[in-house]
Amino acid sequence: MSCIGFIGIGIMGQPMAKNLLAAGHSLVLSKHYKIPPSDLLGENTTVFATPKDVAQNSDIIITMVPDTPHVQEVLFGDQGVAHGLSAGKIVIDMSSICPIATKDIAAKIKQTGADYLDAPVSGGEVGAKAGSLTIMVGGSQTAFNTALPLFEIMGANITLVGDSGAGQTCKVANQIIVALNIEAVSEALLFASKAGADPAKVREALMGGFASSKILEVHGERMIKGTFDPGFKIKLHQKDLNLALSGARALNISLPNTATAQELYNSCAALGGEEWDHSAMVKALESMANHSIRDK
């Protein structure tokens with residue numbers, strides 16, 4: 001079994017790391033970004049002070065942190081991962097960050113003699129716990145082949161999309177689709193409720209038809225029950241949609257519905273909901289309608 005470095009033990013990273021441990025791998029963790037929780041500590045876990053120490057004592061280093069600046073700091077800070085790399089090691093960034101910055105990050109890592117994969121994920125906390133994440137990978141076929149057994153522990157749908165940056169580009173596309181689906185489900189349930197129908201029954205009926213989706217199944221239930229503990233935080237989806245919209249400007253294309261979804265998330269943030277699950281987009285629409293789908 002490999003010795004795996006893992007930096008970023010948050011909502012997603014913690015269950016991903018647990019699955020690697022359960023599969024028999026040894027983990028090397030760092031106190032640098034998040035203090036590892038007690039349920040990750042044991043005879044197959046070693047904790048070091050810095051990302052550099054993690055890199056020096058690991059064969060493969062996985063990062064799972066919130067945004068581009070966090071990845072850059074973990075990798076290239078004074079005691080960053082890059083200072084502990086050598087030939088034959090692989091850095092796998094499973095965060096969701098800027099595709100353009102990813103290409104530069106990959107080039108810098110490769111200068112150390114190590115290889116680099118960008119491998120963002122979709123599936124949320126539920127998928128992370130179940131080991132059923134969708135993993136979108138950018139990088140070389142050789143590095144992908146080496147990392148594939150680890151990906152298969154954490155995910156169920158794993159695709160090498162293309163060269164460095166392609167995984168992050170795919171993730172941005174994913175986040176566009178997810179946000180617009182959340183918006184569609186929010187609007188549909190709000191419409192049904194305001195018209196006097198039971199939104200729970202409407203959701204149940206729609207689950208058997210062409211409108212059925214994972215968003216309707218999982219997030220539709222969250223909306224109806226009002227359970228907006230993350231999950232995936234609104235502020236992180238705002239970050240991802242910012243990547244989409246800034247990329248669209250650079251590509252001279254228009255993403256009008258993505259912009260609308262971002263405005264709804266901005267409205268949620270104004271209501272104090274940056275930390276809510278992204279399914280809470282419905283609360284922005286409810287606020288404008290002066291009606292809650294949870295009204296009795």
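Leaving aside its neighbours within four places in sequence, His219 is in contact with Ile182, Lys214, Asp277, His278 and Ser279. This is a predicted model. His219 itself sits in helix H9, which covers residues 214-225. Is His219 buried or exposed? Its relative accessibility is 10%. Buried means under 20%, so His219 counts as buried.

Now turn to the strands. Start with strand S5, residues 90-93. Ile90 and Ile92 point one way. Val91 and Asp93 point the other way. All four of these residues are buried.

Which strands pair with S5? One is strand S4, residues 60-63. S4 and S5 run in the parallel sense, joined over four bridges. Look for Ile60: its bridge partner in S5 is Ile90. The other strand to find is S6, residues 115-118. S5 and S6 also pair in the parallel sense, again over four bridges. Here Val91 has Tyr116 in S6 as its bridge partner.

How does the chain get from S5 to S6? It crosses through helix H4, residues 99-110. This β-α-β crossover is right-handed.

From S5, the chain goes on through H4 to S6.

Conventions:
Residues numbered from 1 in each chain as written. Predicted model: local features only at pLDDT ≥ 70, side-chain atom pairs only at ≥ 80, totals over all residues. Heavy atoms only, no water. Buried < 20%, exposed > 50% of the residue type's maximum accessible area, 1.4 Å probe, protein only. Helix = DSSP H or I, 4+ residues; strand = E, 2+ residues; numbered from the N terminus. Pairing = 2+ DSSP bridges. Right-handed = clockwise from strand over helix to strand, strands pointing away. Contact = heavy atoms within 4.5 Å.
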